Amino acid sequence: MRTLVSPEYISVVDEAISTVFETGEQLALEVQTLAQDGRTTWASIRIGPIVQDGKVTRLTVIAFDITERKQAELALHRSEDMYRRAIEAAGAVPYVFDPV
């Protein structure tokens, strides 16, 4: 799994793995990953313990591609930022009229 994780997230994944081994608790995290074609993608990763004789001996790892969701979040943040800057530059106060 380490080879799929973007270099800047390797320490995050290593820490999560260590935590699951130490605590026996499941963890979830989101990390940038590298596709086989070199593209940067995003994954939601769930790491769970496999306990044998009261000790965590192995882990289960499930990863979901969340690239589209992350792209939508980024587009939303950009749109919100642009709207905020436009309102600030205009010196206006946004007002929404809802007659219902």
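1. Asp14 lies in helix α1, which covers residues 10-23; helices here are DSSP runs of H or I with at least four residues, strands are runs of E with at least two, and both are numbered from the N terminus. With a relative accessibility of 29%, Asp14 counts as partly exposed, a class that lies between buried, under 20% relative accessible area, and exposed, over 50%, with a 1.4 Å probe and protein chains only. Asp14 and Arg58 stand 44 residues apart in sequence, and their C-alpha atoms are 14 Å apart in space.

2. A word on the basis of these values is in order. This is a predicted model, in which local features need pLDDT of at least 70 and side-chain atom pairs count only at pLDDT 80 or more, while totals for chains, interfaces and linings use all residues. Residues are numbered from 1 along each chain as its sequence is written, and side-chain values use heavy atoms, with hydrogens and water left out.

3. The protein has two helices and three strands, and along the sequence they follow the pattern α-β-β-β-α. Strand β1 (residues 27-34) and strand β2 (residues 40-52) pair in the antiparallel sense over eight bridges, where two strands are said to pair if DSSP finds at least two bridges between them. Strand β2 is also joined to strand β3 (residues 55-65) by 10 bridges, and these two strands run antiparallel.

4. Leu27 has Ile47 of β2 as its bridge partner, and Ile47 has in turn Val61 of β3 as a bridge partner. Ala43 is partnered in β3 by Asp65.

5. The two hairpins can be read together. Between β1 and β2 there are five residues, and in this hairpin Gly38 takes a positive phi near 95°. The hairpin of β2 and β3 has two residues between its strands, and in the turn Asp53 has a positive phi of about 55°. Most residues other than glycine have a negative phi, yet Asp53 has its positive value although it is not a glycine. Asp53 lies in the loop between β2 and β3 and, at 84% relative accessibility, counts as exposed.

6. Leaving aside residues up to four places away in sequence, Gln32 touches Val5, Ser6, Glu8, Tyr9, Thr40, Thr41 and Trp42, contact being taken as heavy atoms within 4.5 Å.

7. For the protein as a whole, the radius of gyration is 20 Å, whereas a compact globule of 100 residues would have one near 13 Å; the radius is taken over C-alpha atoms, and the globule rule is 2.2 Å times the number of residues to the power 0.38. The C-alpha atoms fill a box of roughly 65 × 40 × 25 Å along the principal axes. Of the 100 residues, 20% count as buried. Among contacts with a separation of 6 or more, 31% are between residues 24 or more positions apart.

8. The protein has 10 positive and 15 negative side chains, and the centres of the two sets lie 3 Å apart. In this count Lys and Arg are positive and Asp and Glu negative, while His and the chain ends are not counted; the place of a charge is taken as NZ of Lys, CZ of Arg, CG of Asp or CD of Glu.
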